[in-house]
Amino acid sequence: MSSPSKRREMDLMKLMMSDYKVEMINDGMQEFYVHFHGPTESPYHGGVWKIRVELPDAYPYKSPSIGFINKIYHPNVDEMSGSVCLDVINQTWSPMFDLVNVFEVFLPQLLLYPNPSDPLNGEAASLMMRDRAAYELRVKEYCQKYAKPEDVGAAPEEKSSDEELSEAEYDSADDAVAGPVDP
């Protein structure tokens with residue numbers, strides 16, 4: 001693999017051919033969303049998150065930037081920005097890793113084994129250390145509130161006021177404006 005752009009292309013295709021739904025943000029291959037499901041043996045099970053991935057020009061030699069779009073309650077994820085504190089991605093990244101590793105290993109490990117001693121969400125870290133059962137309950141509440149499969153369909157900023165009408169809405173809108181047909 002000679003150039004970072006070929007590697008970026010190959011890794012993205014590999015991710016798209018896996019079980020993950022990938023949505024491109026623009027025409028380039030550097031920014032995209034991935035739908036990520038919470039690991040089964042965790043309080044995050046059943047949750048679905050839209051993860052924004054940004055690949056730097058130097059990828060795979062430099063790690064991707066990863067962030068949660070919908071809210072997640074976790075000591076190592078900033079609740080407001082969604083940015084992830086993940087040592088493997090941010091500091092120990094190696095070109096041997098690829099995008100599938102991020103979604104099959106790194107993120108599941110982050111959710112299964114939070115590190116409350118290095119928090120981005122101090123409140124979640126504190127609750128986790130003080131009362132593990134209450135922490136897991138709060139995680140499940142967030143999953144119910146913010147991480148249902150329909151929540152990853154469209155982020156609020158993507159909704160537009162001039163969305164196209166469905167055929168049924170279009171037909172009924174015509175009837176209301178035009179009124180009954182003259183004989």
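Author: Start with Phe106, which has a relative accessible area of 8% and is therefore buried, since the cut-off for buried is under 20%. Bear in mind that the model is predicted. By the ring-pair rule, the count comes to 11 aromatic pairs. One of them joins Tyr44 and Trp49, whose ring centres are 6.0 Å apart with planes at 65°, so this pair is edge-to-face. Phe106 forms an edge-to-face pair with Phe97, at 4.9 Å centre to centre and 90° between the planes. Phe97 has 21% relative accessibility and so counts as partly exposed. Ring pairs also bring in Tyr59 and Trp93, which form a cluster with Phe97 and Phe106.

Back at the pair of Tyr44 and Trp49, Tyr44 is buried at 1% relative accessibility, and Trp49 is buried with a relative accessible area of 1%.

Another aromatic residue, Tyr33, has a charge over its ring: Lys50 lies over the face of Tyr33, 4.6 Å from the ring centre. Tyr33 and Lys50 are both in contact with Glu23, as are Phe32, His35 and Val152, leaving aside neighbours of Glu23 within four places in sequence. Glu23 itself sits in strand 1, which covers residues 22-24. With a relative accessible area of 18%, Glu23 is buried, because the limit is under 20%. Its side chain makes a polar contact of 2.6 Å with the side chain of His35.

Definitions and conventions. Residues are numbered from 1 along each chain as its sequence is written. This is a predicted model: local features need pLDDT of at least 70, side-chain atom pairs count only at pLDDT 80 or more; totals for chains, interfaces and linings use all residues. Side-chain values use heavy atoms; hydrogens and water are left out. Helices (H or I, at least four residues) and strands (E, at least two) are DSSP runs, numbered from the N terminus. Buried means under 20% relative accessible area, exposed over 50%, partly exposed in between (1.4 Å probe, protein chains only). A polar contact is a pair of N or O atoms within 3.5 Å; within protein, one must be able to donate a hydrogen and the other to accept it, and residues adjacent in sequence count only if both atoms are side-chain atoms. Contact means heavy atoms within 4.5 Å. Rings of Phe, Tyr and Trp (its six-membered ring) pair if their centres lie within 6.5 Å; planes under 30 degrees apart count as stacked, over 60 as edge-to-face and the rest as tilted. A charge sits over a ring if NZ of Lys or CZ of Arg is within 6 Å of the ring centre and within 35 degrees of the ring normal.
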